Amino acid sequence: MTEYAIDPEIVPWLEVLPSHPLRTYEDLLAARPRISEIRARMPVYEPSQPIDVRDELIPGAAGEPDVRVRIYAPPNTRGTRPGLVYIHGGGFVAGDVDMSDSACLKYADVLGIVVLSVDYRLAPETPFPGPVEDCYAALVWTAAKATELGIDPVRIGVAGGSAGGGLAAGTVLLARDRGGPAVVFQHLGVPELDDRLETESMRTYVDTPMWSRPSAVFSWDSYLGEGKRGTAGVSPYAAPARAADLSGLPSTVVMVCQFDPLRDEGIEYARRLSQANVPTELRGYPGTFHGSGMVTDASVSKRMAVDELEDLRRGLRITSI
Amino acid sequence: MAEPWDMSKYAIDPELLPWLDMLPLFEVRDATSLAEVRAGLDQMRDKVTPYEPTHPIDIRDEVVPGPAGAPDVAVRIYRRADREGPQPALFYIHGGGFIMGGLEMADLYAIPIVDKLGIVVVAVDYRLAPETPFPGPVEDCYAALLWTAAKASELGIDPARLAIGGESAGGGLTAGTTLLARDRGGPALCYQYLWIPELDDRLATECMREYVDTPMWNYPNAVFSWDSYLGEGKRGTEDVSPYAAPARAADLAGLPPTVVTVCQFDPLRDEGLEYARRLSQANVPTELRGYAGSFHGSTLIGDAAVTQRAAADQLADLSRGLGI
C-alpha cells in the first residue's frame, strides 16, 4: 500500500479492517457475510433508557414491493420529538439495518429522537432507481405517520453514511423536486455522490483502506447497471453530484475523511451547496480514511462521533435534552 | 450610513444579521479609502470592550533583526506570568488584507488565547502594503519566526511545540512563511493554522467571482488587497511567487499538519477549500472546517452560536496541535 499519513492511533487497526476491494459479483457475495462478521465484533451501544425497536413493512414506490424499516423510539415524555430517516452504507451493494443498529440506538438514546432506518433493496439485484425510491418511500411514510410516531413534522432530517450519504442526498433532492415532505436537515457522512470518478482523490486513491477506486467502479456499475457510469444519462437522484441546481435544499452537514477517494466529491458538493445559499457545514478530519471511525478508541474517531451528535442536535433543532 | 449590503441575497445566520450594521464598512478601493479604513479600524478598536484576563499576562515588545538589508521588525511576546519553564508557542500573524492592522490587532487575539491556554504567543508587526509590497511583509514574518525559534529557550518556548497561525491575510502570510520555512530549511513548525486564509491572487474561484458585495470581504476589496501587496499589474500574471500567493505553490508535500477554516459567504471560501484539499492530497494531515451562514470576520460577533462554536473549535485545535 502507498504510504498514507494515517493517524498513528488508527494504524494498528488496519490489519483487522477489510482491505480487499470489491471488483466482481463473487467478491461481493463473499464480502456480504464478512460485513456481518465484522459487525458482530463491534461493541454494541447500550442505551441508557429503554428504546422501543420494531420493524415495519411500509408501502414502497408505485408498483414496487413494500420496504422494511426499523424504528427506534425513545420514551416519549415531551410530546413530539424530531425524526431522523437513517440510510445505512455499503456501496449500494451491501449492508442492512442490522449494520446500523448501534448508531441508530445511540441517536435515539442520546438525542431523544425517533430514528427510522431503511432496509432498502441492494444493487446489483436492484439497481437505480429502486434503492433511492425505497428511501424516499420511507421518508414519505415517516412524514405521513408523524403524529402516530410522535414526530414533530417540521423537524424531520435525513442522514446517511457512505452510499447511505449518497442515497440521503438523492432522497432529499427527490423531496425537493416532487414537492415531498419538508426536510429540515441532511447529514451526509463520507457521501458517495459522483459516478464520474474524476476527482483527484478518486483517481489516485486506488489502494486506500476500506474504500478505493476499484470498489467505487464496482459500486457504481452495480448501482447504475453496466455501461452507464460516467455517461450523460445518469440521473442526479442516483449521483447527486450531477444535480445542476442545489438551491432550496435543507441545511446540510458534509463530513469527509482525508484518505478517502470520496473526499473531493464531498468537498465539492459542500462547496456547491454553500454557493447555492444552503446553510452548509463542512468537516474534514486529518489522518482518517473511509470508515476509520470504526476504530472508536482513536481520538480523531471520538471527535468525529461528538461532532456528529452535535451536528444532528443543531440540525434537528434539539434545544435541550 | 446607508444599508451597505443586500443581505437578502445571502443566507446569513439569523444570529449574525442584527450585528451587520455595527461592523466596520470595509470598502478599500484606493489610497483615500485605505486611509479612511485604517482610521476606522483605530476607532473600532477603541470601542471594543477589552478582554479581562483571569491570569496575569506579561506583554513585552522586542525589536528583532529584519530580512537582509531591511529594517528591524517589531514583535510582541505574550506569556502567562504564572507559567514556569518551556511552554508551547504560537507564532501569530495578524490579518488586515496585507494593508492594515498591527500589534493592537494582535492583542485582541493573543491575550484571550494566552490566558486560556497558557501558551506563549509571539506576534509580528510586519510592514504593510502598499507602502511595502511583497516580499517585505512575508520576509518580515519569516525573519521574526527565525528569531523566535533561535531564542526559544530565552523566551521559555518548547521548540518542539512551536506552531504558526493567522487569520485572513495573516492566514495567507502564515502559509507563505511556512512554505519559506520548508524550502529554506528553516525552523520546524509543529502545526499551521490557516483561519479563513487569503491565498490566491488569481481571484478565479466561483465565490471570489460572485461575492462582490458580501460583508467585510468581497471581490473589490480582494482586488485592491492583491494589487497593493503584489504591486499594480502583477495580480493574476505568471510571475507571482508562491510565497506571496501560496495557492500558487506546485508542491505542498512536507508541510506541517494543518487546520484550514472557511466561512460560507466569504469570497476566500473556495481557495481555502482547495488549499485544504491539495494539502490532504499531498499527505499533510489536514483538518478542514466550514461554518454555515458565516462570513469573513463574522467571528467578531461573539454572541452568535456559530462564532462560539468556531472559537471552541479553535481552542481545541490549538490544544491538540500544541500538545496541551
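This is a predicted model: local features need pLDDT of at least 70, side-chain atom pairs count only at pLDDT 80 or more; totals for chains, interfaces and linings use all residues.
Let me begin where the chains meet. The contact draws 29 residues from chain B and 28 residues from chain A, and the area buried between the two chains comes to about 2,400 Å², with carbon and sulfur atoms giving 40% of that area. On the chain B side, B:R277, B:Q281 and B:N283 together supply 24% of the area that chain B buries against chain A, which is more than any other three residues supply. Six salt bridges are counted between chain B and chain A, and one that you can find in the structure joins A:R303 to B:E287, where the closest N and O atoms are 2.7 Å apart.

Now let us turn to chain A itself, and to helix α3, residues 130–144, which packs against helix α5, residues 163–177, at an angle of about 60°, with the axes 9 Å apart. Because of that angle, α3(A) counts as oblique to α5(A), and the crossing of the two is right-handed. From α3(A), the residues making the contact are A:P131, A:V132, A:E133, A:C135, A:Y136 and A:L139, while α5(A) contributes A:L167, A:G170, A:T171, A:L174 and A:A175. Sorted by class, this contact has eight nonpolar residues, two polar and one charged.

A second pair in chain A is helix α2, residues 101–111, and helix α9, residues 299–315, whose axes come within 11 Å and cross at roughly 60°. This pair is therefore oblique as well, α2(A) to α9(A), and α2(A) passes α9(A) in a right-handed crossing. Here A:K106, A:Y107, A:V110 and A:L111 in α2(A) meet A:A305, A:E308, A:L309, A:L312 and A:R313 in α9(A), a contact with six nonpolar, no polar and three charged residues.

Finally, some details of the backbone. Most residues other than glycine have a negative phi, and most peptide bonds are trans. Against that background, the peptide bond from A:A123 to A:P124 is cis, with omega near 0°, and A:P124 sits in the loop between β4 and α3 of chain A. In chain B, the bond from B:A129 to B:P130 is cis, with omega near -5°, and B:P130 is found in the loop between β4 and α3 of chain B. As for phi, A:M210 has a positive value near 70° although it is not a glycine, and A:M210 lies in the loop between α6 and α7 of chain A.

How values were computed:
Residues are numbered from 1 along each chain as its sequence is written. Chains are lettered from A and ligands numbered from 1 in the order in which they are written. Side-chain values use heavy atoms; hydrogens and water are left out. Axes are lines fitted to C-alpha atoms, for helices over the stretch in contact, and angles run from 0 to 180 degrees between N-to-C directions. Helices (H or I, at least four residues) and strands (E, at least two) are DSSP runs, numbered from the N terminus. Angles under 35 degrees count as roughly parallel, over 145 as roughly antiparallel, 65 to 115 as roughly perpendicular and the rest as oblique. A crossing is left-handed if the near helix is turned anticlockwise from the far one by less than a right angle, and right-handed if clockwise. Contact means heavy atoms within 4.5 Å. Ala, Val, Leu, Ile, Met, Phe, Trp, Tyr, Cys and Pro count as nonpolar, Asp, Glu, Lys and Arg as charged, and the others, Gly among them, as polar. Buried area is the accessible area (1.4 Å probe) that two parts lose on being put together, summed over both. A salt bridge is a side-chain nitrogen of Lys or Arg within 4 Å of a carboxyl oxygen of Asp or Glu.
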